[in-house]
Structures are given as C-alpha cells and as structure tokens.
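Trainee: I'd like to learn how to read a few features off a model. Can we go through one together?

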Amino acid sequence: MEKFAFVLHPLTVKDVSRKFAFTKNWPDSLVEGVLKYLPPFKTSHITGIQSTSSQGEGWFVTCPLTSQQMVEMPEKYVVEKIIKAGKVAEKLGAKIVGLGAFTSIVGDAGITVAKNLNIAVTTGNSYTVATALEGTRQAAKIMGIDLERANVLVLGATGSIGAACAQILAREVRYLTLAARNEEKLEKLAEQILRKTGLAAKVTANTKSALKSADIIIAVTSAVDSIIEPEDLKSGAIVCDVARPRNVSRRVAQMRNDILVIEGGVVEVPGDVNFGLNFGFPDGTAYACMAETMILSLEQRYENFTLGRDLTVKQVETIENLAKKHGFKLAGFRSFEKAITADEIATIKANVVINKQEQKRGIG
C-alpha cells in the first residue's frame, strides 16, 4: 500500500465552518485569530485508491490559515506552519506530500518546505498544467471551436508555466500569440518555438488588444490583481485561468453569460475512493494538484517532482503519461471553485448563438 498526504487550507473564513460548524456565526476576525494559533492537524483518511498496478491511501492535513492570512502574514511564519503540516504527514507515514492552494505559492514554492522534511514534496503544478490544457482541448470541442484554426493567446508566456503551455500548444495550433511585459523574453521564447515546431508565434505586450481577438486564452500571469475583465473578451471565448491569484475577474462570471471560464480540470480518481472530506467536488473526483501526489505515490516515485517556479514540458508530459497509466482522467471542468455542469455549458453555447444572431440583425 503506497502512502501519501496532501496539505490543504481554508481558502476563506467561510470554509472553516465546513469542518467546525460551531464557527458558522463567529466574526471573521475571531476565526482568523483562532486559526493563527491552531497547529496543523490530520483532517481525514483517504482510502480506496486502486490503479491497475498498485493501491494507495493517504491523508488530508490542514494548515490552518486562510488564503488572505498566507499572503498578508510574515512569510517566515507561514512557511514554518506549512513545514509543521509536512511533519504531521511524516508522522502519519506518508512518503510524499502535496502542497495545495496557497501552500504551494508562498515563499519559494515548496523548495524550503522540501529541505525541512524527510519525505518528498510536490506542488502538483505539472498535472495542473496537463489537465488545464486537456480541459482547454475538450472545452474547445464542446464549444465548437476548431483548436487548430483558433486564435490562441497565452498570457504570462514568459513565466515557467506559461512557457511550458506555449511550447505544448505550438504543436497543435496555427495561430498563437504570446503576451507578457518583457518583450525581449517573448522574442526569445518565440524563436525557441519557431526552431522546435516551425510555428511563427506573434508576440505582444498589449494584453488588452490581444484579448479582444482571442478565441482561447490560457492565463498564467503572476499579477496580483485581476487583469481580464468582462469588456475584454469576445463572445464565445474560452478562458483557462491557471494563475493564482486569478487572472480572471469574478465580474466575468457575473456579467458575461457567453464566456466559458475554466480553472483546470476535475480529475476522476481510479478505484472506490473515499476522501473523508467534502471539498465541493463530485464523488470520486479531485483537484489535479491532489491527483499528482497520488499518481507519484502509486508509481513509487517518492521524489521532489514539481517544486519552485520552474516547470518543463518534460515534467508535464511525464505526469500526463503516468496519470493515464494509473487510470486518472479528466472528469469535467471547474470555475471559481465550483464544478461546471453540462447544463451551464449548454446555456453558454446558446447565449453565444443568440449574440451572433443579434449581431447579424444589427442589434448587438
């Protein structure tokens, strides 16, 4: 039986009441005050993971700090608390621990945490990228967009995740635009893509202009604030937001009923899995970052896999192949922390058709 653990944390104060119902009516400041002094703890035991070649079990370990606390509190304090969560995973018998949500972003993205633990560490970013791209391909098919002929835009293309996404997509599309602030780095990436794939990608530092003509957008910038607003997008566009904090404003979901925003894939886990915790996903499914930890465990690859800010195409391809080997697959989409239903996608498609008809009549 292969053993793993995954560190999670409450994204908001409201999430705390999922585990501790008695805090439901507490003021936010009181909940955050308690969390600050609460040590990391085992949240649940994960059982029933069964691939074609091995079995796995694991644990969710909570690092009790909200996203806001992780960003605003002293980095040293937050990283030390994440390390303590890793120590809980060690004591439980895990051989690898995954870092979820903001625990994978704080500080140097897991490098310091790994140095202070006796077990392997991964952030799950490699499989997150793999499922984001797979989700984008599936979304394009559902929305009736021919990926090969679509205008595809990678925002934040000079970052490690953006560059990996761009290099993978360059093999599949004809029209690729790379956007980032540093045009010199963009030119270097474009040259590299041309050399390896023969595709001449466009480069631009004018994000707003590039957004308006894009059919498909992969957003992976490190911007602190949202950079994609409702008025920036054309009707029927697909936005895959891999960035944390998000690149897409919540206003897009509220104001644009003709845009499909996905944040990456919902992954089906093989076996009769019981997570012992409700994190808002359908039964038997998990976040891609969680799945990466499980996959590495089932493969007995107890090594630091995805750490720091660097990410390579090889890592993405490796974890994608291992996922297929062990029976993990995409089971749908999520957007703003919720699974997207088939009915919701059908409504978006219908609204795109209505918009097109209105434009033909000269109304839109």
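Predicted model: local features only at pLDDT ≥ 70, side-chain atom pairs only at ≥ 80, totals over all residues.

Trainee: Where is Gln 167 placed, and is Gln 167 buried or exposed?

Mentor: Gln 167 sits in helix α7. Buried means under 20% relative accessible area, so Gln 167, at 16%, counts as buried. Its side chain also makes a polar contact of 3.4 Å with the side chain of Gln 192.

Trainee: Now helices. How do I describe the packing of α6 and α7?

Mentor: Two packed helices are described by the angle between their axes and the distance between the axes. Here, α6 (residues 125-143) and α7 (residues 160-169) pack at about 45 degrees, with axes 11 Å apart. The two are therefore oblique to each other, and α6 passes α7 in a right-handed crossing.

Trainee: Which residues make the contact?

Mentor: From α6, Asn 125, Val 129, Leu 133 and Arg 137; from α7, Ile 161, Cys 165, Ile 168 and Leu 169. Sorted by class, that contact has 6 nonpolar, 1 polar and 1 charged residues.

Trainee: What about a loop residue, say Glu 263?

Mentor: Glu 263 lies in the loop between β11 (260-262) and β12 (265-268), and at 2% relative accessibility Glu 263 counts as buried.

Trainee: What does the side chain of Glu 263 reach?

Mentor: The backbone nitrogen of Phe 336, at 2.5 Å. There's also a 3.0 Å polar contact between the side chains of Glu 263 and Arg 246.

How values were computed:
Residues numbered from 1 in each chain as written. Heavy atoms only, no water. Axes fitted to C-alpha atoms, helices over the stretch in contact; angles between N-to-C directions. Helix = DSSP H or I, 4+ residues; strand = E, 2+ residues; numbered from the N terminus. Parallel < 35°, antiparallel > 145°, perpendicular 65-115°, else oblique. Left-handed = near helix turned anticlockwise from the far one by under 90°. Contact = heavy atoms within 4.5 Å. Nonpolar A, V, L, I, M, F, W, Y, C, P; charged D, E, K, R; others polar. Buried < 20%, exposed > 50% of the residue type's maximum accessible area, 1.4 Å probe, protein only. Polar contact = N/O pair within 3.5 Å; in protein donor to acceptor, adjacent residues only side chain to side chain.
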